[in-house]
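Work through the exercises below with the sequence and the structure open. Try each task before reading its solution.

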Amino acid sequence: MKQNIIKRIEGYEKIGVVKKSFFPEELKKLTKHHFNKSKEYKKLLIYNKYDLNNVKLNKFPFVPTSLFKEISLKSIKDNKIYKILTSSGTSGSAPSKIYLDRINAQNQTIALSKIMTTILGDQRLPMLIIDQNPNVTTNTFSARVAAINGFSFFGTDHEYILDSNGKINKNKLRTFLNKYGSTKFFVFGFTSYVHKCFFELIKVSKYDFSQGILLHGGGWKKMESKKISNQLFKKYLIKNFNFKEVIDYYGMVEQTGSIFLECKYCLNFMTSYYSDILIRDKNLNIVENGKKGLIQLFSLLPTSYPGHSILTEDIGEIVKNNSCECSNIGKSFKVHGRSTNSELRGCSDTI
Amino acid sequence: MKKLKNIKILAGDDKTYNNVRLPFEEKSLNFFNELSNKISNYKHIEKYPDLSSVAFFCRKANLINFKNKYLDNNQIRIGRGLVFHIAPSNAPTNFLYSLIFGLLTGNSNIIKISSKNYDQVKIICALINELLKNRYKNLNKFIKIIQYDNSQEKVTKEISQMSDARIIWGGDKTVEKIKKFEIKPNAVDISFADRYSICVINSKKFLSLRLEEKKLLVNKFYNDTFTLDQNGCSSPHLILWYGANLKKVKEIFWSLLANVVKKRYNLIESAAVNKYMLLCKSLMQNNNIKDLKIYNNSLYTLSIKKLRNDVTNYKGQWGYFYQYQIKNLKELKKIDTKKIQTLTYFGFKKSELKKIILNYQLKGVDRIIPIGQALDLDFIWDGYDIYSFLTRAIDIK
């Protein structure tokens, strides 16, 4: 992997190479790279008799996201580890660990900024963060902190409005809105936090977010238990707080950077130059567009760990015959939430 | 007759009893027979195959077989007293089997059920209560089914101190936890620890079967394994192939099984991903794997390079098997550890298998059972003779 992937994609864009032609070639290179650098990944491919020259999207090998909880998967030497991202993990299980070297971390930031420009423009905006100040002191980050840090890059004058008890500091909020509320500003938070925070605010008094662009994502489980759809939530926020825009995003800690933004018009998640998607059934076969199944995600960013093709536990579908202009770049998709957990049968537990 | 505090009673009254009777008493047999009828007549029984199985098991006609097998009229045996059962949380009907053991051996029983609220548990307990309130009032002294939070160690401690025997399901972790609480000096524990099970198939005999017979055997193998998502302690993980023509035999066997799985098994999405994750993990970490064959994610087979005694760590779930070819049954010695519980077999004479145990005096293998009966509970289980353990033997000269 001599030349940086970001540079290469810029190059493709410049001379008009379409995604369809460069994406599989890049995936092939990445697969070979990880095959050569990670002995665990190599074993997986050898046992599966994988053909390294494959360029068919649906034939690329994939790693289940939960595997990152079980095994340290790295394609770099230990002394090159720059950052470790961890996911919170489902209760009781170990967190996922994603090992980044400097280049991989940098590429994540650049790719993310390219994707974010489409909604924020080129300028950094004053930023309100619906969370606590993470005050990072180690090189190990939770997925949440990693996201806050990642997105903070696109803001200035960051204001974290949750206190250490998770309550909104209304003074801070008022001060922020007074100071920056009259021009475009950026609001970021995890969906469940945003939800809780704005439901709390509505009880107090009116706030004007008419210049605010809200980006939220993650925090699935908590939202599902509340049974509020994303569309209803969006309407609620726009109606009560007058938001200029409310945008949902979908992403995985295993593929930080190449996130999927919701399209303003068709409200589906969009793939970018860095990402792609397939849907598989429980036999792990590809299902046709418009049918639900397990989400498999591709990202061209992971070079320090073999996470360029992952199988998630989320259920989604690729939108069939999407005529929206967002589908010019690639597929668009819907996410229907986490596949319900299987109840473990057997006689080995009494909890 | 102390009252128990901080518990939820699902069946029986709120007093504790410590009564004993003779084993296989008629009234108890009738009780289970009526319960069996009631369960079978439950209006949505088709939704719960495990309810049907347990109803079938507790018919009097079946339980009489145990009576004939174990009750020895030349010997006097009587119940031990109070038996405390800690039932497993992920096999919803298991507590009823445990109750059958405790009641037919002539004991008072307290059964702790996990706080997961399974329909099967509710259905069975409601029916038991119906019987206890009407025709079987006097069995209240012998049956109590309770729930309490695991954090309430006080309750476990209190019941343990009163008990003459405990039956601890749930594997190593639970056994360890429960054993911290003392029982009476002369009380006994029946502890079901983590186990590993294997299967041995005589390839020549398998090949000589007609297609229909092959299919029948494969269906039986399916019942042993897929019924509990291969999580039952007696469900095999390692298949040993004995004899010649092995490539052909394996291909036939697994392809037939893949067909059965396609028809009968519903693998849900999250299990599909977990299963694939387990596969990736073993392929990346286990250095004893020779090759791999995937039958549509519904069935994985992994051949191993060497038979070593660490194979008891090679566990699959949801239809995920390890396999190895053996030249003679003596090779079982290579994997002999206390961990091994059930050996299911096809194509061998009972006497041949008996010989292995006798000649090599194996540490493991508690059950040698034809394919298809791996999950059938019996009073002899996991190396324990439960009938003897739960009764007091009286010597009269």
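Helices (H or I, at least four residues) and strands (E, at least two) are DSSP runs, numbered from the N terminus. The model is predicted: local features need pLDDT of at least 70, side-chain atom pairs count only at pLDDT 80 or more, and totals for chains, interfaces and linings use all residues. Residues are numbered from 1 along each chain as its sequence is written, while chains are lettered from A and ligands numbered from 1 in the order in which they are written.

**Exercise 1. Describe the overall build of chain A.**

Step 1. Take the secondary structure: chain A has ten helices and 15 strands.

Step 2. Compare the radius of gyration (taken over C-alpha atoms) with the globule rule, which is 2.2 Å times the number of residues to the power 0.38. The rule gives 20 Å for 351 residues, and the radius of gyration of chain A is 21 Å, close to that value, so chain A is as compact as a globular protein of that length.

Step 3. Look at burial. A residue is buried if 20 or more other C-beta atoms lie within 10 Å of its own, exposed if 12 or fewer, and partly exposed in between; the C-beta atoms are placed from the backbone. Of the 351 residues in chain A, 43% are buried.

**Exercise 2. Describe the side of chain A that touches chain B.**

Step 1. Two residues are in contact if their C-beta atoms, placed from the backbone, lie within 7 Å. On this basis 30 residues of chain A are in contact with 39 residues of chain B.

Step 2. Find the elements of chain A that give two or more residues to this side: they are α3 (39–47), β1 (63–64), α4 (67–70) and β14 (309–318). The most comes from α3(A), with four residues.

Step 3. Sort by class. Ala, Val, Leu, Ile, Met, Phe, Trp, Tyr, Cys and Pro count as nonpolar, Asp, Glu, Lys and Arg as charged, and the others, Gly among them, as polar. The side of chain A that touches chain B has 13 nonpolar, nine polar and eight charged residues.

**Exercise 3. Trace how strand β11 of chain B pairs on each side.**

Step 1. Two strands pair if DSSP finds at least two bridges between them.

Step 2. Six bridges link β10 (residues 289–295) to β11 (residues 299–304) of chain B, and these strands run antiparallel. Asp291(B) has Ser303(B) of β11(B) as its bridge partner.

Step 3. Three residues lie between the strands in this hairpin, where Asn296(B) takes a positive phi near 60 degrees.

Step 4. Four bridges join β11(B) to β12 (residues 320–326) of chain B, and this pair runs parallel. Here Leu302(B) is partnered by Tyr322(B) of β12(B).
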